[in-house]
Amino acid sequence: MVIYDLEVTKPGQISTFASIAATTLKIGGTVYKVKSDRSKEDKFYIYGNFQWLKTPSFTLVDKMSIGFPSGSGLYLPTSGGKVKQHQHRYSQDQQRNGRWIDYAIKYSPSNWEPSAGMAGSYDIRASTSKTKHKGYIGQYVYFPTSKNGKINIKISYGQKRISGTPSVSVYPAGLSITPNNTTDTRSYALTLSY
């Protein structure tokens, strides 16, 4: 059985196959220029966050991705064979009293593709109906100062409905959660002018 959950979205949000409703999962993001530490290159920070407004149906390992067009010229900083200048973290408020438990920050993405984006994984902990869940992903990227234009950036969140974790794929538009009939997703769109 294939279910298409059509919904009206707000500006800045896009809806995809097997969408998580906006009343269930809040997702957002931003991108901005920061001071560069490399000559002749601009530096940008891309940030996405999520918060479950209702108790997640499944406590598996979810993923959040940041994707951008592979031909855009943006690239990920690397060192020692790993992507650097990355962070993602998951947090829980078990009693809905504002006392968040921040689990360990992860400094390496769970998935990444050259010049296309990266993803973070979030081990959603068992909870009660009172528990709040949130998290974020952040990544610095570089771009040649000599170029200019506009690109779209897609921030996606995915939750598997059966065992396993959401998979990610690379499209010409960038890295993203792979939509299928066992993965629910919610996405957020950004535009970067450089």
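A polar contact here is a pair of N or O atoms within 3.5 Å; within protein, one must be able to donate a hydrogen and the other to accept it, and residues adjacent in sequence count only if both atoms are side-chain atoms. With that in hand, the side chains of S176 and S156 are joined by a polar contact of 3.3 Å.

Some ground rules. This is a predicted model, where local features need pLDDT of at least 70, side-chain atom pairs count only at pLDDT 80 or more, and totals for chains, interfaces and linings use all residues. Residues are numbered from 1 along each chain as its sequence is written, and side-chain values use heavy atoms, with hydrogens and water left out.

**Overall picture**
- The chain has 15 strands and zero helices; these are DSSP runs numbered from the N terminus, with helices being H or I of at least four residues and strands E of at least two.
- Of the 194 residues in the chain, 42% are buried, meaning under 20% relative accessible area, against over 50% for exposed and in between for partly exposed (1.4 Å probe, protein chains only).

**Strand β12 and its partners**
- Eight of the eleven residues in β12 are buried.
- β12 runs antiparallel to β4, with five bridges joining them; strands pair if DSSP finds at least two bridges between them.
- S156 in β12 is the bridge partner of S65.
- β12 and β15 are also antiparallel, joined by eleven bridges, and G158 stands opposite T185 in β15.

**The largest nonpolar core**
- A nonpolar core is a set of buried Ala, Val, Leu, Ile, Met, Phe, Trp, Tyr and Cys residues joined through side-chain atoms within 4.5 Å.
- The largest one has 29 residues, and F50, M64, I66, F68, L74, I153 and Y157 touch the most other members.
- Among the elements giving two or more residues to this core are β4, β12 and β15.
- Leaving out residues up to four places away in sequence, I153 touches V31, I46, I66, G67, F68, Y188, A189, L190 and L192, where contact means heavy atoms within 4.5 Å.

**Two buried serines**
- S176 sits in strand β14 (residues 174-177), and it counts as buried because its relative accessibility is 5%.
- S72 lies in the loop between β4 and β5, and counts as buried because its relative accessible area is 7%.
- The S72 side chain reaches the backbone oxygen of P69 at 2.9 Å and the backbone nitrogen of L74 at 3.3 Å.
- Setting aside neighbours within four places in sequence, S72 is in contact with F143, I151 and Y194.
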